[in-house]
Amino acid sequence: MTDSVDGIGRVQLRLIEQSVSSRSRARAWGIVPGSRYLFVAERLLGELSAPALSAIVAHELHHLRRWHPLGRVVLPAIFLIGWAWAIVVAPLSGLVGGAVLVAPYWLMVMAIERRMERRADIAAAEQVGYEAMVEALRHLDETSDEQSSGRIAWLASHPTFAERIAHLEAEYDGEPVDNAKSTTDGGHHDRS
Ligand SMILES: [Zn+2]
């Protein structure tokens, strides 16, 4: 599962029996090196090929390496601290100013989160193989319990699996899949 993934070293891999939602089947968690975790739903081990599992691990590792879990805490914190400070300095305009800025700031944070997802997908595809990442996303999409109808893309923190696949395909458009160190060999998969 972690064979073709570099840098798993200091990250602890944990298998979880049941995930709360289908979105949380793989998660990177933790800020301090040495206490960083990567959670993967046990069920996925039986459902995905070894390369696809490696791609999921590589995706989550990219989040950890780029301090994405820290960003998810720090970005809202910066705003709240700034707002509190503004209210102390100038109560009325601080309160109003923060209220006006909260929506655009939140939209910006959501856009950053979606970008983090796409970057993690590309990093995993470059490391493990484009086909493996697409296989993983297709499977997650097919077995997802999420409703995509009524969803507003620019309000969401995560792009849909379909959007992520389309983005990967666009990224690799015109390039032979072989370029991306793919470990699949025509339908035959080693299951771990
Ligand atoms: Zn992710």
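Biologist: Where is His68 placed in this model?

Modeller: The place of His68 is in helix H3. Bear in mind that this is a predicted model.

Biologist: Why is His68 called partly exposed?

Modeller: Count the C-beta atoms around it. His68 has 19 others within 10 Å. Buried needs 20 or more, and exposed needs 12 or fewer. The count of 19 falls in between, so His68 is partly exposed.

Biologist: What does His68 touch, leaving aside neighbours within four places in sequence?

Modeller: Its contacts are Ala28, His63 and Met116. Take Ala28. His68 and Ala28 are 40 residues apart along the chain, yet their C-alpha atoms are separated by 8.7 Å.

Biologist: How do you know that Ala28 is in contact with His68 if the C-alpha atoms are separated by 8.7 Å?

Modeller: Contact is judged on C-beta atoms, which must lie within 7 Å. The 8.7 Å is a C-alpha separation.

Biologist: Now Trp67. Is Trp67 buried or exposed?

Modeller: Exposed. Trp67 has 11 other C-beta atoms within 10 Å. The cut-off for exposed is 12 or fewer, so 11 qualifies. Trp67 is placed in the loop between H2 and H3.

Biologist: Why is H3 called roughly antiparallel to H4?

Modeller: Look at the angle. The axes of H3 (residues 68-89) and H4 cross at roughly 170°. Angles over 145 degrees count as roughly antiparallel, so H3 and H4 get that label. Their axes come within 8 Å.

Biologist: Which residues make that contact?

Modeller: On H3 they include His68, Phe79 and Trp83. On H4 they include Gly94, Tyr105 and Met116. By class, the residues of this contact are 12 nonpolar, 4 polar and no charged.

Biologist: Which residues touch the most other members of the largest nonpolar core?

Modeller: Ala55, Ile56, Met133 and Ala136 do, in a core of 32 residues. H2 gives the most to this core, with 9 residues. Ile56 is in contact with Ala26, Val40 and Ala136, leaving aside neighbours within four places in sequence.

Biologist: How do you know that residues 94-112 carry a transmembrane label?

Modeller: The label comes from the UniProt record, an unreviewed entry, which annotates residues 94-112 as "transmembrane region". In the model, that stretch is 100% helix and 0% strand. Its end C-alpha atoms are 25 Å apart.

Biologist: Last one. How many helices and strands does the chain have, and in what pattern?

Modeller: It has 6 helices and 3 strands. Along the sequence the pattern is β-β-β-α-α-α-α-α-α. Buried residues make up 24% of the 192 residues. Among contacts between residues at least 6 apart in sequence, 80% join residues at least 24 apart.

Definitions and conventions: Residues are numbered from 1 along each chain as its sequence is written. This is a predicted model: local features need pLDDT of at least 70, side-chain atom pairs count only at pLDDT 80 or more; totals for chains, interfaces and linings use all residues. UniProt positions are given in the numbering used here, feature names are shortened, and annotations may be inferred rather than shown by experiment. Helices (H or I, at least four residues) and strands (E, at least two) are DSSP runs, numbered from the N terminus. A nonpolar core is a set of buried Ala, Val, Leu, Ile, Met, Phe, Trp, Tyr and Cys residues joined through C-beta atoms within 7 Å. Two residues are in contact if their C-beta atoms, placed from the backbone, lie within 7 Å. Axes are lines fitted to C-alpha atoms, for helices over the stretch in contact, and angles run from 0 to 180 degrees between N-to-C directions. Angles under 35 degrees count as roughly parallel, over 145 as roughly antiparallel, 65 to 115 as roughly perpendicular and the rest as oblique. Ala, Val, Leu, Ile, Met, Phe, Trp, Tyr, Cys and Pro count as nonpolar, Asp, Glu, Lys and Arg as charged, and the others, Gly among them, as polar.
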